[in-house]
Amino acid sequence: MDLKKELSKVVDGDINDDDNTLKFFSHDASIFEVMPKVIVAPKNVSDIERVVKFVNDNPDQKLSITARSGGTDMTGGPLNQSIILNMLKYFNKIIEIGEETGTTQPGVYYRDFEAATLKKDLLMPSYPASREICTVGGIVNNNSGGEKTLTYGKSERYVKEIKVVLSDGKEYTIKSLTKAELDKKMALKTFEGQFYSKVYQLVTKNKDLLAAAKPKVSKNSAGYYLWNVWDGETFDLPKLFVGSQGTFGITTQATFRLIHPKKYSKMLVIFLKDFKKLAQITQQVLEYKPESFESYDDNTLKLALRFFPEVVRFFKLKNILWLGKEFMPEMWMSLTGGMPKLVLMAEFTGDSQEEVDKQATLAQQSLAKFRVQNRLTKNPDDARKYWVIRRESFNLLRHHIRNKHTAPFIDDLCVRPDQLPEFLPRLDKILKKYPQLIYTIAGHVGDGNFHIIPLMDFHNPKAPEIIKEVCDKVFDLVFEFKGTITAEHNDGIIRSPYLEKMYGEKVYKLFEEVKNIFDPNHIFNPGKKVGASLTYTLSHIEKE
């Protein structure tokens, strides 16, 4: 079959299958390469519906569909060897910013959505560190979180309603329902009635099993959020779709609940020489309720100092001498051998500067007993330099380390913060067995969530073997601590093969069951969440 030719008969949007386009869409920000057959940029919902019908009408071709927008996913989530829907080209409009909500298409960059919401003093607070380059479609489908998650929670809290094209080729509006509204849906003799009835039966019948399976951490993006659907009063189906990574259908629109951001802030920066007092210091600072509590390690700081001009570019300032002066304390630590092992950033926010100054100062004073180096930032620009290092560490790695590739495969671990003093040394012991791995650590210390990004030479024929060994050992450690292997980045093709081990056979079968409810022919983003193969994963590691 000439797939491009056949699709052009039913689609109004753009269709490409040239080598350069396919090569571009064979990659995201992960370590994988999966070559698609064709790229479709749908112009409207009808285009998506017709593509779904086309795939259903040609089962012998074994076609499938994966939606993609920004391509910043670190798990291989938007990669597929069949049809890729490029949502970035035409599904990129902000529909409306209301008094408390914002409605947008999935191909809108978060930075543009935020600019529009801030004009009304509103914010969607679950944005990730990749806020400048990611889209809202990825935020929804990965159940993203970030620096403000400590206070405000993840995307599941803010997605009020989504529109999605499902396996019958029709667009549906998914929103929370009362029991009376749910009963009306379940009474329908249609596909819609069937999926509401089946999901309700699944979650009520397995209530205790699902409650026990929920990871005992503050944030999680692994598996399907079946435990969040029904609380006895509200049937909240959006919470199941958020984080499902496009495996149920194609998201065409999302409505977010928005907050009013705090206007004033002050940052307490803490420099740790080791991990010994990390848990105690973390718990101490959390008592003063910072809005965010972030961290990055010495390798990340060294990287920022090494590529100082690149950091300057993020500030968009001409006065490099002024910025150099701002970084003088960190540069001096580097030169004198006093580089901290971990930098902690606790940001306090409020409705007045007096309020945040008081809270930050009290938090600082409470650290006296620990005798750790710390400082309060002087102004927003002083604090901003730390945010730039924290947010852009991954991009600095990607763009500047020659002959090695960023390898995000153990990049989103999460345990309880009080477990960190025991967990981190054991993690470090595992990683030290692989001296060929250079890695940075950054993350959300207030949530016990760390992003570990190794650097690897993928020309090394042992690279897949090393990745598997490290994943096996690190994930087993996470499971021992009852944590999660992905707090906010999701599963993709890197972590999906480990979900059965994480949750157990019974819960994993429920994941398979809910996948079959919405996608009986498995045409949506196959190989993620369920049906994953570690052999497939390792065979698609990028070689270049």
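I started with the lining of the largest cavity, which splits by class into 5 nonpolar, 5 polar and 1 charged residues (Ala, Val, Leu, Ile, Met, Phe, Trp, Tyr, Cys and Pro count as nonpolar, Asp, Glu, Lys and Arg as charged, the others, Gly among them, as polar). This is a predicted model, where local features need pLDDT of at least 70 and side-chain atom pairs count only at pLDDT 80 or more, while totals for chains, interfaces and linings use all residues. Residues are numbered from 1 along each chain as its sequence is written, and side-chain values use heavy atoms, with hydrogens and water left out.

I searched the whole structure and got 1 cavity of 30 Å³ or more (a set of points on a 1 Å grid over the protein atoms alone where a 1.4 Å probe fits but cannot get out; lining residues have an atom within 4 Å of a point). The largest cavity has a volume of about 40 Å³, taken as the space filled by probe spheres set on the points. Its lining includes Asn143, Tyr224, Tyr225 and Lys529.

**Helix pair.** Next I looked at α7 (residues 179–186) and α8 (residues 191–205), which pack at about 125° with axes 7 Å apart (helices are DSSP runs of H or I, at least four residues; axes are lines fitted to C-alpha atoms over the stretch in contact, and angles run from 0 to 180 degrees between N-to-C directions). So I noted α7 and α8 as oblique to each other (under 35 degrees is roughly parallel, over 145 roughly antiparallel, 65 to 115 roughly perpendicular, the rest oblique). Among the contact residues are Leu182 and Met186 of α7 and Tyr196 and Tyr200 of α8 (contact means heavy atoms within 4.5 Å).

Note on methods:
Helix = DSSP H or I, 4+ residues; strand = E, 2+ residues; numbered from the N terminus. 1 Å grid on protein atoms, 1.4 Å probe; cavity = no way out; pocket = protein on both sides within 12 Å on 5 of 7 lines; lining within 4 Å.
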